[in-house]
Amino acid sequence: MASKRTRDAPLPLEAEEITVLHLDDEDGSDANAPPLTVSVDNHGRVAGVGSLVKNKSLDVRTKVARNALSPGLARDLRHDCHAAFNAGSSFWLGVTDEPRCALEHMAKAVFDAHCDPEKVANKLDDTKTGAEWWVQMRCDDRDTTEANAYNPLPTRDKNNPAGVSFHWDKDENLVDQFGVCVCPAVSTVTYVTDQGAPTVVTDKTPPAMYDDLRLFRGPIRRAVLSHPEIGKHLSFDGRFLHGAPREMGRVGLFDANHKEGGEKKTSPNAKKKQDQKEKKNQPYVRVTFLVNVWLGHKPRGLDLCPEQVLCGFGTGGKKNKSKSKSKNINQSQSQWAEAAATVRDNIKNNATADFQTVPLTETSLGLRHLTYAFGETGTDHLLKIPTSDTLREWTDDGGTVGVSFQGELLCAVVEHPKEKSKAKRKKAT
């Protein structure tokens, strides 16, 4: 399959037209609260972000930085990643907040790498500017009840339980309460392990209002596929539709006995016992650290990581508050601040949008068509996306490759068949 090396060019920018949305508190729970307003431009960005993109103060191109985390650092973070994942939510770290644990140091490093506080963040409301961070963990043990409990996807979803459904990052509370879609300036994924489904980022953006499903649909021209690689950092426009489809992952990457150093040759019986042991002791194989960069807008209901969650962290958290341990805690914080500075510099200096792009057409060799249902109800939309064995086994550029879809509806978001059935029933009545 032919490929060429290209740069992922930013979408063309027009004049920034600002719309101010005045949102009412429907339940009237806080009569003294100031009026809630959200300002967005005609590209669906928070007001002010578009200008930063236009003058190149903010780079929202899809980019990768290999080795942003060293293998040793990634290994040291896994315990805290597990604890953060079990907390079951995302957390906030404001631009003026001081990190209190290893993961908050990493969140600050990612934010600072993409958004220089002096050049960008200080131009917007600093009380609404910061990093939203959380952890995703996925495994492919379909026969284990415990494993399925940690994979919040319906059993009918072909991604269950190994992948991440396609979605837009957004202020979830605004969508639920007011039907308004506000996306972060930049979304990021940092791979803590090298196993599991790839991240697929498309150039499809959502409308600001959720009430007209038709505006979500249409062709997709480009995508970037990023296979997991330990320490790799992926960033992209926060308005882009993305997910982690298992079917597009490499063969064998969900094997329980997959090791960084390879697989040892053993007898069949010994191998079976080894597989069972490792399957029990290592239920999670795809670990990613996610950070969204928010500028001038803080998602509603998002707060700092609670102290009780920090107490479960073993790397720089406040696990032990005794005076005898205070010196060690301070030393740990200093060490993580230094490690975070290295991560920040690795991303700033090494991130690139220069990777190969593979064109796909209806006649491409080994083409396979995949479909994924997604949306707030799970069946609002249907993503039609093609792939090939070449993409599935891609290894160049750390397993990162651009895809150009050559055809009007070769890749597209379309109406889900169930939605069509609902529309017909409503029309009949």
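These legends walk you through a few close-ups of a predicted model. Local features need pLDDT of at least 70 and side-chain atom pairs count only at pLDDT 80 or more, while totals for chains, interfaces and linings use all residues. Residues are numbered from 1 along each chain as its sequence is written, and side-chain values use heavy atoms, with hydrogens and water left out.

**View 1. Cysteines without a bridge.** You'll find zero disulfides here (a disulfide is a pair of cysteine sulfur atoms within 2.5 Å). The sulfur of Cys101 sits 5.9 Å from its closest cysteine sulfur, in Cys305, which is too far for a bond. For Cys311, the closest cysteine sulfur is also in Cys305, but 9.6 Å away, so again too far. Cys101 is buried at 0% relative accessible area, whereas Cys311 is partly exposed at 30% (buried means under 20%, exposed over 50%, partly exposed in between, with a 1.4 Å probe and protein chains only).

**View 2. An aromatic cluster.** Ring pairs tie Trp168, Tyr210, Phe216 and Phe374 together. Rings of Phe, Tyr and Trp (its six-membered ring) pair if their centres lie within 6.5 Å; planes under 30 degrees apart are stacked, over 60 edge-to-face, and the rest tilted. That rule gives six aromatic pairs. Trp168 and Phe216 have ring centres 5.4 Å apart and planes at 50 degrees, so they're tilted. Tyr210 and Phe216 pair up edge-to-face, 4.7 Å centre to centre with 75 degrees between the planes.

**View 3. How hidden are these rings?** Phe216 is buried at 0% relative accessibility. Trp168 is buried too, at 3%, and Tyr210 counts as buried at 14%.
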